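My notes follow in the order I looked things up.

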2 protein chains.
Amino acid sequence: MPQETIGTSEERSPLSKERVLRGAIALADEKGLAALTMRSLAQELGAKPMSLYHYVANKDEMLDGVVDLVFSEIELPSSAGDWRVEIRRRADSARQALQRHPWATALMESRTAPGPATLRHHDAILGTLRSAGFSVKMAAHAYALLDAYVYGSALQEAALPFSGPDTVAIVAEPIVQLFAEGEYPHLMEIATEHVLKPGYDFGDEFEFGLNLILDALAAALPADQA
Amino acid sequence: MPQETIGTSEERSPLSKERVLRGAIALADEKGLAALTMRSLAQELGAKPMSLYHYVANKDEMLDGVVDLVFSEIELPSSAGDWRVEIRRRADSARQALQRHPWATALMESRTAPGPATLRHHDAILGTLRSAGFSVKMAAHAYALLDAYVYGSALQEAALPFSGPDTVAIVAEPIVQLFAEGEYPHLMEIATEHVLKPGYDFGDEFEFGLNLILDALAAALPADQA
DNA sequence: CGTATTTTCGTACATTGTACGATACTCTTT
DNA sequence: AAAGAGTATCGTACAATGTACGAAAATACG
């Protein structure tokens, strides 16, 4: 049966690096990072495994590209306008991107080779800080601080067994029972009196920390400019 | 030649979960996380691969145990004494632990099941904050903030292609040349005027951020207590 | 001793990344 | 249209990995 161009709705749009990387992201989003294998990705794209290697040198390099693509989803801050607004916007945007792709945080660690989107991203933030009046040194400090916080929060959130407001209780209840023995009293306290309360949202923790950092940086700005 | 109890200095101390986990850490420290395979670990321990499975259910559970062991290396803060001193001590200690085991940061992401050392650790920090006078809610905020910062910094540091003061220049110089084209002007500026300066140490960035956060939390404490 | 339990291991298999070379396809030049 | 050159796809095969399964060896205990 050598006919094949009939109605098989298998879309065989031609491959490309772009399509490979986007397919990888989609697969990781859908089935998790562990399910992202060259074989399954090829199948998803309607191709055979070895075909991918025409667009990526190897899996590691592909993951580098994937990370850079995720970075490109993050809104860049502008150097004009209020720096606090701009920095906050990109922080929220980064958090959202890493929420959409929770596996990405893990990836960013192992990859040491930043791609163009990553570099552009870093450059934009530094530009915003410099335009706001921070000295070179202070901009570096602020940048390291903000970045550590954003990625650290993403790490925390990815490790949480729940996501979104009010979904906590379902998962947490049995866990709380486990150490009701009184071995971790303060964890208990936080859990029952804060996290398990209806309406709890991890996003609030994020906003609190971000505000605190921005306020403190704003307070340090005048002295730095002098 | 069926003799074997002679002088072969292969130490065949009996296996144990402890020995397996510590061996795993040692191997990851030495050869990197990718080199940590059940086979190589078994060899390191003078055993055969399948023997390990009497002490760990599978590799994933082993990694959970490894992460918990790394956590146990971090100094716990005390609830007595100045909270800022205590929190700082544990932050520095955590950074050091994650510097000793740079691969651990990546692991912490994927594992969702915290071990006893991890729980004890979290509990101790919350205890210190509560003793300092923070409200439940504020303690949760402060804790999330501090933790995100510490792990985020570890993530950054692990991604850096250098480590320790003054080792930057060697690696960074050629990179800087690469985008000397002027595409990333602010990165250039930071690089040449700050990071590449002799005496640069990433640890200084860490301390700056930690101080800023602690100061801001201290400032928020009185209002929170009221 | 023997017997029961624990600890160690040998073999085997499925899954992964990917090296290597062959095939199919596309485009230019005649 | 034919031929040739390049490009994109793929088939086959191999080494490395986690680990299921059950056998063997070591140990503990009556």
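I started with α9(A) against α6(B): Pro185(A), His186(A), Leu187(A), Glu189(A) and Ile190(A) meet Leu119(B), His122(B), Asp123(B), Leu126(B), Gly127(B) and Arg130(B). Contact here means heavy atoms within 4.5 Å. Helices are DSSP runs (H or I, at least four residues), as strands are (E, at least two), numbered from the N terminus.

Ground rules before going on: this is a predicted model, where local features need pLDDT of at least 70 and side-chain atom pairs count only at pLDDT 80 or more, while totals for chains, interfaces and linings use all residues. Residues are numbered from 1 along each chain as its sequence is written, chains are lettered from A and ligands numbered from 1 in the order in which they are written, and side-chain values use heavy atoms, with hydrogens and water left out.

By class, the contact of α9(A) with α6(B) has five nonpolar, three polar and three charged residues. For the classes, Ala, Val, Leu, Ile, Met, Phe, Trp, Tyr, Cys and Pro are nonpolar, Asp, Glu, Lys and Arg are charged, and the others, Gly among them, are polar.

Next I looked up the geometry. The axes of α9(A) (residues 185–195) and α6(B) are 7 Å apart, at an angle of about 75°. Axes are lines fitted to C-alpha atoms, for helices over the stretch in contact, and angles run from 0 to 180 degrees between N-to-C directions. The two helices, α9(A) and α6(B), are therefore roughly perpendicular. The cut-offs are under 35 degrees for roughly parallel, over 145 for roughly antiparallel, 65 to 115 for roughly perpendicular, and oblique for the rest.

**α4(B) and its partners**

I then turned to α4(B), which packs on α6(B) (residues 116–132) at about 160°, with the axes 10 Å apart. That pair, α4(B) and α6(B), is therefore roughly antiparallel. Trp83(B), Glu86(B), Ile87(B) and Arg90(B) of α4(B) make the contact with His121(B), Ile125(B), Thr128(B), Leu129(B) and Ala132(B) of α6(B).

On α10(B) (residues 202–225), I found that the axis of α4(B) (residues 83–100) comes within 11 Å and crosses at roughly 150°. So α4(B) is roughly antiparallel to α10(B). I noted 10 nonpolar, two polar and six charged residues in the contact of α4(B) with α10(B).

What is the handedness of each crossing? α4(B) passes α10(B) in a right-handed crossing, and the crossing of α4(B) and α6(B) is left-handed. Left-handed means the near helix is turned anticlockwise from the far one by less than a right angle, and right-handed means clockwise.

**The DNA strands**

Which residues come closest to DNA strand C? Of the 17 residues that surround it, they are Arg39(A), Met50(A), Lys59(A), His54(B) and Tyr55(B). Near means a heavy atom within 4 Å.

I checked polar contacts too (N or O pairs within 3.5 Å; within protein, one must be able to donate a hydrogen and the other to accept it, and residues adjacent in sequence count only if both atoms are side-chain atoms). A side-chain N or O atom of Lys59(A) is 2.5 Å from a phosphate oxygen of DNA strand C.
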